[in-house]
Amino acid sequence: MRFSAPSRESGYKLLRIAAFYVIVIAGWWAIANAEIWSPYLFPAPDSVWRSMRANFDNGQIPAAIGATLQRMAVGYVLSFIIGMALGILNASSKWANETIGGIVLGVQSLPSITWLPLAVLWFGLTEKAIIFVVLMGSACSIAISAQAGIQGIPPLLQRAAGTLGASRWQAYLYVVLPGMIPVMVQGMKQGWSFAWRSLMAGELLFVSAGLGHLLNVGRDLNNISMVFAVMIVIVFVGVAVDRLIFGRAERWVKERWGYAA
Amino acid sequence: MTGIAERNEPVATAPSGATGHLLALTDITKRFQTARADTLALDHVSLEVRPREIVCIVGPSGCGKSTLLNIAAGIDAHFDGTATFEGEPIKGMARERAVVFQEPALFPWLNVRANVEFGLKLRGVSKADRNSIVDQQLEMVNLTKFDRAYIHELSGGMKQRVQLARALAVEPHMLMMDEPFAALDAQTRDDLQMELQGVAGRIGATVLFVTHNVREAVILGDRVVVMSKSPGRIRRIIDIPLGRPRTPDDHDVADFAAMVRAELQESSNEPRYAI
């Protein structure tokens, strides 16, 4: 990644954003200190900050982030493999699209946390159950975007590859797979956000370890500052993944295709 | 333009195939059948292309000229009649007959250099050889400075130059061009016609060039094939024995263009042709 020296324009932008957050936190602090609500219900920012520091220092938050991201990674990689396979199948076979394609669309409309009861019956209260929920959350988005990505490639590009000597396999490998990337990036981003939401819900409901679980611990301890702190961490992890992985992928697409994916 | 002298030299090597033709299309008939219509796109069309000549096909929309090119390129395999290239029946697409399309059929995820390199990579040409071939091709079409640009950053004329360089890089035995300049502005089109004459002359290329622009056909073609539509047939083949480079302003070009236009108008009820 390249960083250009901050120009005057981007300096002002940073200043504007910083000022905005200073105002938000000051407003939060003022409301909390007005004691309209009990500090047990509405903590001040400094109390949330202390709780966050404490939970970082005692290792609870880092361990939870690790557990959560590991589940996401395993579930997401599996759903990428399954989603790609389904998408390619549905794009290349009319028969598959009429049958499996319909199921994919149907399952896509199902909020994936509703798979949890079934997952618990199948796998028990295990990691497998929660990974299954993550997988069901994102596999369909990825399958649908893979199919749309393949079908959106102008046939002319494959033909051009053919006239340059590409075999059918080479045309698939060097034209279809790269050509589907812009649509795929969008589908993978959507799949990630579905999986992320269902993982948080799943962790809240039953499993040990993870950020969702830590949120529940805060509730059990009646520690509102900890609940706030963990929620902020969840936001930061989500935004960081979005920026680092999908933001980068989107810039890659924009540089080449000339439009935002 | 150094190409003229080379072009007029006799062909050193005997062309393959007993006929002396590089491309031979014989008795080609092509029907398009849909639920509502049954169109005879090509009706017993025969055309032969000799090595190192530029043959332009001109005709109204729907006369089957692009269909004929697709058959010659191996893109369209469903037709009656025989199509041979270098004496062998045409079976599908092959880099020996590389195509430049009307729409810029370039790969957006690859920069200009990688687009030109595409066909070479498929053949497993070594990195060093690829680089030198690509450099040479980019220089030929005046795009050396843009080798790292992505496709969306190029103008329409530059995109067609990249297509030409990409097609020439695979060393085709014949170049198929399907209305490659039709979507360009007049100035760019004139420039590219000049460049194509120069490039084709220099390397002694054999070209099948489809256009609906009569003057373009006369500027580029050693022979101009005039087609009529419904059904698609060859009406006349006109030799253009003019020196090169030819420009749109040459009187001789204008005279031949008038002749071609007259031929087209006789064959059709649509007297509207671009000049």
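Select first the contact between the two chains of this predicted model, to which chain A gives 17 residues and chain B gives 22 (two residues are in contact if their C-beta atoms, placed from the backbone, lie within 7 Å). Local features need pLDDT of at least 70 and side-chain atom pairs count only at pLDDT 80 or more, while totals for chains, interfaces and linings use all residues. Residues are numbered from 1 along each chain as its sequence is written, and chains are lettered from A and ligands numbered from 1 in the order in which they are written.

On the side of chain A that touches chain B, select α7 (155-163), α8 (168-179) and α11 (224-257), the elements that give two or more residues. Helices (H or I, at least four residues) and strands (E, at least two) are DSSP runs, numbered from the N terminus. The most comes from α7(A), with six residues.

Select next helices α5 (residues 116-123) and α6 (residues 127-151) of chain A, which pack at an angle of about 145 degrees with their axes 8 Å apart. Axes are lines fitted to C-alpha atoms, for helices over the stretch in contact, and angles run from 0 to 180 degrees between N-to-C directions. The residues in this contact include A:F123 of α5(A) and A:F132 of α6(A).

Two strands pair if DSSP finds at least two bridges between them. Finally, select β9 (residues 223-228) of chain B, which pairs with β10(B) in the antiparallel sense over six bridges; here B:V225 stands opposite B:I237.
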